[in-house]
Amino acid sequence: MTMTVAEPMPTPDLLARMEAVAVELATIGGREILATLGSLMAVQYKGDDNAIALMRDPVSEVDSRVEAMIRSHLADHFPDHGIIGEEMAVQAGLGSDFVWAVDPIDGTSNFINGFPLFASSVGVLYRGVPVVGALWCSTSHLLTPGVYHCGGTAGLRFEGEPVSRLPNPAVRKRLAGDPHGQSGVGPWDGRKTGSAAIECAFVAAGLLQVARFATPNIWDVAGGIALAHASGASVFQKEDGNWSPFASFGDQLAQMAQWRRPLILGTPEDAARMTDIQRADAQDRSRRI
């Protein structure tokens, strides 16, 4: 679907209304996750026969149930908006420039094993650009579960309150999210949480200086990119072998749904440093081939 009907730029009031709905949707996800955590549940593995044999992409009954609940709730508020979700088919909008990207549980492997790092992620795109984000996270900078959210002009908030953290100047080596959890790549200690959405939220909240993702899906990071921008972080994506500032997921629904690009989010200084390290690493590998 090509979005040919241009809606006016969303007003702060409209963004605030969408943010409130996004928080409701993320809260629905969090509530269902907490209600089911630790119980016996049906689990399947997605993909072709080889992927299923490797058991790399699990989906629980909760994933599908939460996404169905979110879509039903969203239809009551914005029935003309498009929806891209991890577990259900893409739903085209009715001439709208807005698309909601939903991941009912990001970090499903953690969730089904009871490892307490996972999120329920909601992002709103306007012509492919993330403008609203709401991520229910199993933990936070306050060590409590809750929703990080943004939209309009209020900036990044957690459970309705502004997020403000002053880094301890005595800590000279900060943390970075890394696909392999590697330390020694740059001036950070590497961490791998198993949830791209959590790591995006942690970058926005200042718990991680930077995070790198190998090939995330749009529903993994759409809401998190909105949070990152609201916090003043920089976002870069790799396309055609080059790192450049993230602009959008594309202007067509099918293009958005198929988006998968390496991504870096972080403070402006740390994100730029990470892209430089990745460029140098790529050049070194090419010389050795």
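**Group meeting: a walk through one predicted chain**

The chain has 8 helices and 15 strands. Before I go on, please keep in mind that this is a predicted model. Of its 289 residues, 49% count as buried. Now take the contacts in the chain with a separation of 6 or more: residues 24 or more positions apart account for 59% of them.

I will start with the pocket. The largest pocket holds about 1,000 Å³ of space. How does one find such a space? Rolling a probe the size of a water molecule over the atoms shows where empty space is left. The lining of the largest pocket is made up of 34 residues, and those nearest its centre are Asp106, Thr215, Asn217, Asp220 and Arg260. Several elements give two or more residues to this lining: strand 3 (82–85), strand 4, helix 4 (108–112), helix 5, strand 12 (210–213) and helix 6 (218–230). Which of them gives the most? That is strand 4, with 3 residues.

Next, the aromatic rings. A search of the whole structure finds 6 aromatic pairs. One of them joins phenylalanine 98 and tyrosine 126: the ring centres are 5.1 Å apart and the planes stand at 45°, so this pair is tilted. It links distant parts of the chain, since phenylalanine 98 is in strand 4 (residues 98–106) and tyrosine 126 is in strand 5 (residues 119–126), 28 residues apart. Both phenylalanine 98 and tyrosine 126 are buried.

A second pair is phenylalanine 249 with tryptophan 259. Here the ring centres are 4.8 Å apart and the planes are at 90°, so the pair is edge-to-face. Phenylalanine 249 sits in the loop between strand 14 (242–245) and helix 7 (253–257), and tryptophan 259 in the loop between helix 7 and strand 15 (263–266), so the pair ties together parts that are 10 residues apart in sequence. Are these two residues buried or exposed? Phenylalanine 249 has a relative accessibility of 1% and therefore counts as buried. Tryptophan 259, with a relative accessible area of 4%, is buried as well. Together with Phe246, Phe249 and Trp259 form one aromatic cluster.

Now a charged residue. Glutamate 199 is found in helix 5 (residues 196–205). Glutamate 199 is buried, yet it has no salt bridge. The nearest side chain of opposite charge belongs to lysine 192, and it is 8.1 Å away. A salt bridge would need a side-chain nitrogen of Lys or Arg within 4 Å of a carboxyl oxygen. What does glutamate 199 touch, leaving aside residues up to four places away in sequence? The list is Gly177, Asp178, Arg191, Lys192, Thr193, Gly194, Leu208, Ala211 and Phe213.

Last, the backbone. Most residues other than glycine have a negative phi. Leucine 143 is not a glycine, but its phi is positive, at about 65°. Leucine 143 is in the loop between strand 6 (129–137) and strand 7 (146–150). With 73% relative accessibility, leucine 143 counts as exposed, because the cut-off for exposed is over 50%. Glutamate 159 also has a positive phi, about 50°, and is not a glycine either. Glutamate 159 is found in the loop between strand 8 (157–158) and strand 9 (161–162). At 48% relative accessibility, glutamate 159 counts as partly exposed.

That is the end of my part.

How values were computed: Residues are numbered from 1 along each chain as its sequence is written. This is a predicted model: local features need pLDDT of at least 70, side-chain atom pairs count only at pLDDT 80 or more; totals for chains, interfaces and linings use all residues. Side-chain values use heavy atoms; hydrogens and water are left out. Helices (H or I, at least four residues) and strands (E, at least two) are DSSP runs, numbered from the N terminus. Buried means under 20% relative accessible area, exposed over 50%, partly exposed in between (1.4 Å probe, protein chains only). Lys and Arg count as positive and Asp and Glu as negative; His and the chain ends are not counted. Contact means heavy atoms within 4.5 Å. Rings of Phe, Tyr and Trp (its six-membered ring) pair if their centres lie within 6.5 Å; planes under 30 degrees apart count as stacked, over 60 as edge-to-face and the rest as tilted. On a 1 Å grid over the protein atoms alone, a cavity is a set of points where a 1.4 Å probe fits but cannot get out, and a pocket is an open set with protein on both sides within 12 Å along at least five of seven lines; lining residues have an atom within 4 Å of a point. Grid points are joined across faces, edges and corners, and a volume is the space filled by probe spheres set on the points.
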